[in-house]
Amino acid sequence: MEKVNVIGVKKRKVSTKILVKVGLLSAVAFLLMFVEMPIPGLFPEFLKIDISDMPALIAGLAMGPAAGICVEVVKNFLHAIVATTTGGVGEIANIVVGSAFVVATSVVYRKKRNIKSLISGFICGTIAMVVVGSAVNYFFILPFYGQLMGMDAIIALGKAVNPKVHDLLTFVIWFIAPFNLIKGVMISVLSIPLYKKLEKLIKEN
């Protein structure tokens, strides 16, 4: 009976430790959502890159895909309460796209847990972000904004930057897909130098 109790206590300690880490990383991710960077000349002004997926990525690599998804959910839940401009639609899309990146990266990495596996994970995660991000924007986000602003107005914003944009599909091809590609690559490049520190954190877990 004593052994069972000890095991139970250890499990509770581990669970509490994970919850604390997920909470801290979620708070950091939420704050990073307000640090946005436009890329003038390449994309319309409303497309801005942030690195708020990095804390979720760290959680996924260190504690598993579920932890990474939790960080994505919590940061977007907080953002939906404090600063949403889409009635929560944008936050839901952010959860889906960010989770696709985090899950793909962490699943590939956790098979071998070395630098080559990490890079392979980043490649898979970036591809997942591009594919899922394009699908979510094509079927949900852009139609949502189209109802608010008018689809013609959105296409016009895109055409002002790139004359090859003339409908929803070309908007996704020329803006959404490359935007998510750049974002995935940027997060990956910024995360690679943290590998040694992440490795230590992973071993502790």
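**From the surface to the core**

Mentor: I119 sits in helix α5 (residues 115-149). Helices here are DSSP runs of H or I with at least four residues, strands are runs of E with at least two, and numbering starts from the N terminus. This is a predicted model: local features need pLDDT of at least 70, side-chain atom pairs count only at pLDDT 80 or more, and totals for chains, interfaces and linings use all residues. Residues are numbered from 1 along each chain as its sequence is written, and side-chain values use heavy atoms, with hydrogens and water left out.

I119 has a relative accessibility of 38%, so it counts as partly exposed. The cut-offs: buried is under 20% relative accessible area, exposed is over 50%, and partly exposed lies in between (1.4 Å probe, protein chains only). I115, I119, I123, I127, V131 and I192 make up a nonpolar surface patch, with about 500 Å² of accessible area together. A patch takes residues with over 30% relative accessible area and no salt bridge; nonpolar side chains (Val, Leu, Ile, Met, Phe, Trp, Tyr) are joined within 5 Å, like charges within 9 Å. The areas come from the Shrake-Rupley method with a 1.4 Å probe, and for residues only the protein chains shown count as cover. A salt bridge is a side-chain nitrogen of Lys or Arg within 4 Å of a carboxyl oxygen of Asp or Glu.

Look at the loop between α4 (89-112) and α5, where R113 lies. Its phi is near 55°, a positive value in a residue other than glycine. Most residues other than glycine have a negative phi. R113 is partly exposed, because its relative accessibility is 36%.

Now step back. The protein chain has eight helices and two strands. Along the sequence they run α-β-β-α-α-α-α-α-α-α. The C-alpha trace spans about 70 × 35 × 25 Å along its principal axes. Of the 205 residues, 41% are buried.

Go inward through α3. This helix (residues 65-82) has 18 residues, so at 1.5 Å a residue it should span 26 Å; its end C-alpha atoms are 26 Å apart, in agreement. The expected span is 1.5 Å times one less than the number of residues. Buried in α3 are A67, G68, V71, E72, K75, N76 and H79. They cover an arc of only 165° around the axis, so they lie on the same side of α3. That arc is taken from the directions from the helix axis to the C-beta atoms. A66, F77 and I81 are exposed on the other side of α3.

K75 opens the next topic: charge. The whole structure holds three salt bridges. K75 meets D53 side chain to side chain, N to O at 3.1 Å. K75 is in helix α3 and D53 in helix α2 (residues 53-63), so this pair ties together parts that are 22 residues apart in sequence. D53 also bridges to K183, at 3.5 Å from N to O. That pair links distant parts of the chain: D53 in helix α2 and K183 in helix α7, 130 residues apart. D53 counts as buried because its relative accessibility is 1%. K183 is buried too, at 8%.

K75 has another partner, E72, with the closest N and O atoms 3.4 Å apart. K75 and E72 are three residues apart in helix α3, so about one helical turn separates them. An α-helix has 3.6 residues a turn, so residues three or four places apart point the same way. Both K75 and E72 are buried. Shared partners join D53, E72, K75 and K183 into one network.

Rings of Phe, Tyr and Trp (its six-membered ring) pair if their centres lie within 6.5 Å; planes under 30 degrees apart are stacked, over 60 edge-to-face, the rest tilted. By this rule there are seven aromatic pairs. F43 and F179 have ring centres 5.6 Å apart and planes at 90°, so they are edge-to-face. F43 lies in the loop between β1 (37-38) and β2 (48-49) and F179 in helix α7 (residues 168-191), so the pair ties together parts that are 136 residues apart in sequence. F43 is buried at 5% relative accessible area, and F179 is buried at 9%. F43, F46, F171, F175 and F179 form one aromatic cluster.
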